[in-house]
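Thanks for coming. I will go through the ring pairs and the charged pairs of one structure, and then say where to be careful.

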Amino acid sequence: MESLIHTINKLQEVFAVIGDHKINLPQIVVVGSQSSGKSSVLESLVGKSFLPRGTGIVTRAPLILQIVRYNKEDRESMLAIMKNDKIKEWAWFLHKPNTVFQNFDDVRSEIENRTNYLAGHNNGITHEPIVLKVFTLLYDLTFVDLPGITKLPVGDQPEDIDERIQELILSYVKQPNSIILAVVTANTDPSTSESLKIARKIDPDGIRTVAVVTKLDLIDKGTIQDTIELLNGHKIPVKLGIIGVVNRSQKDIFDNKSMKETLKSEKEFLKVNYPEICKKHGNQMLANTLQNILLMHIKKTYPVLRKELYDTKDRLENQLKTLKTPDQKVSFVLGLLNDMCKSYCDTVAGNRKDLSESTLVGGAKISQIIHNEYVEKLDKIDPLLDLTDEKIGNILLNSAGTNKSSFVNEKALEIMVGKQLQNLIEPAMICVDLVSAEMLRIFESIDQSILDTLKRFPKLLTEVKMVLNQMIDYTLLSIKEFIRSYIETYQACLNTTNPDFILELVKSSDVIQDAFISTHVTNKKGLTNDEFARAEEERTKQLFKQILSGLNDLDKTMESSKQVKMHKNLTRCYFEFVRKNVRDFVPKRIIFKMVNHVLNNIENCMHKLVFTPYVVNRSIDQVLVEEEHTVEDRQRVERLLVAVNKALKNMADIQVQ
């Protein structure tokens, strides 16, 4: 079963080279405050002193530490380089594949050098990991050692060092496949432990957290019972276990006390101070427990990880298709333009298979602009906006001059209606602008793979957008001009005998409706259909004249003037009559002259204005000059795809029982 850990080790090595990936590997992540004994725990497990020590932040880069129980093949690989069969334990760094480290002081120096290279010399941190493989005869285990948690910057540390460390730690522990190894000191209150705070935040139920309690030898003798309760799990809610350890003290390190002697001293200390539970604790028990936990966790997550790798492979292969270099350049450009045009039209028409579930796009968004924004705004316009009784009276008097009107003052009515109808123009113009803007935005909503391919070639993308913009701008100006002219026609030419206007007028008053009904009781006997229709029309006109006659009462107050009220009513009714026509006309004109025009002509325009000039001038290579970062993206995807395929091959060699 150890081969499972070896497989995960290989995956870690593969993806550490790539850097940017979203594969969640099963791994043990070590979290602890500065000076919590985190480094001592790892050194005890390895059996070697190899980690940098000092004040402040010592670990400034994630250290992927792979402890490998080596086999014959591993040893032969080492001997091929070192030619020294006396070496029993050695180390190897991923960034130095041809170098074997037999002196673990050199390992410490290399960690420091590599850290400075990745994170700089100013106590900053980096997310880029260092991969260290230690070959021993002990066991198979893998850890990710992270910077110690700190609260305040010291020396030349960045002011936000605590936030940076928290971000780095969370990026590892929040991965659902990570086991959290929280390092807690026995001589402090566990409720204040920063490592446990992080663990509780990410893993509140403690189902993937194991705690290791350090510095058992530093507690007061009178608090041993409290420590026993802590070790028995009465104070820390974790499900994977709590294990106490005794590591080398600073004096032991200074005296160069061996790991073998340290483990012997630890065993004696536990037997004396914790006789009832001593067999459940210590570094050896910690190693065995963590190995079992890691193996079980790998077994549990193996199928999910395998599926995740296959999904990633499919995604990368699709990305690579988008980033591939075209062989037949002319047909490639033509095909790309055709695909773009079809995707654009399908987006507007709602024919896409990958319809958005989160937002309105394409034709649906255009419809929303027209019906939810334009029509609603149009309907909210007050027909008598800024037209008071006093203004109406003044218009009536001023337009009559020295005369007084005996019935409707058509000159005044034309002035008032023309003024009010002006309010219909701006919403229509805004609607045209909104639809045209949406027509441009729709381009960003076409099939993502097509759009990504276009973005690889900045010149081609610019010209495609320019042609689309020209098409929309051309229709934009003509539509605005036509709509404005349409409304201005109603302003300039009033037709008060229009049946639709009369109907609006009739509906505006119950008295008028009764008179209209009684007047239209016409005897059809002896009349042809045409004669009857002409009679109806004549009666309507007579009724209209009767209604409008006898209103010469402007000598009264404006509020009580029948003539003012009648002209107010006429203006309102005519406005409503025109608004209905405009409400119906504007959307149709936009759809017909802008939306449909673009859909019907986009492919032809792209061929004529983008494709053909390059073919005629034999300059197709110019349009296929890639964005600078595109080559890098292609190489990155190729490397990651190789890594995923290699990972899948490694996993195929393992059969999980």
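Start with Phe 101, which is buried at 9% relative accessibility; buried means under 20% relative accessible area, exposed over 50%, and partly exposed in between, with a 1.4 Å probe and protein chains only. Phe 93 is buried too, at 0%.

Before going on, this is a predicted model: local features need pLDDT of at least 70, side-chain atom pairs count only at pLDDT 80 or more, and totals for chains, interfaces and linings use all residues. Residues are numbered from 1 along each chain as its sequence is written, and side-chain values use heavy atoms, with hydrogens and water left out.

Now the rings. Over the whole structure there are seven aromatic pairs. Rings of Phe, Tyr and Trp (its six-membered ring) pair if their centres lie within 6.5 Å; planes under 30 degrees apart are stacked, over 60 edge-to-face, and the rest tilted. Phe 93 and Phe 101 are edge-to-face, 5.2 Å centre to centre with 85° between the planes.

Phe 482 and Phe 585 are stacked, because their planes are at 25°, with the centres 5.8 Å apart. That pair links distant parts of the chain, 103 residues apart: Phe 482 is in helix H17 (residues 458–492) and Phe 585 in helix H21 (residues 562–616). Helices here are DSSP runs of H or I, at least four residues, numbered from the N terminus. Phe 482 is partly exposed at 37%, whereas Phe 585 is buried at 17%.

What lies over the face of Phe 482? Arg 589 does, at 3.7 Å from the ring centre; the criterion is NZ of Lys or CZ of Arg within 6 Å of the ring centre and within 35 degrees of the ring normal.

Next, salt bridges, meaning a side-chain nitrogen of Lys or Arg within 4 Å of a carboxyl oxygen of Asp or Glu. The search finds 14. Glu 444 sits in the loop between helix H15 (425–441) and helix H16 (448–455), 21 residues from Lys 465. Also in helix H17, Glu 463 and Lys 459 are four residues apart, so about one helical turn separates them, and their bridge is 3.7 Å, N to O.

Last, confidence. Mean pLDDT, the predictor's confidence in each residue from 0 to 100, is 79 for the protein chain, with 80% of residues at 70 or more. Residues 510–521 stay under 50, with 14 contacts beyond four places in sequence; contact means heavy atoms within 4.5 Å.

Conventions:
Helix = DSSP H or I, 4+ residues; strand = E, 2+ residues; numbered from the N terminus.
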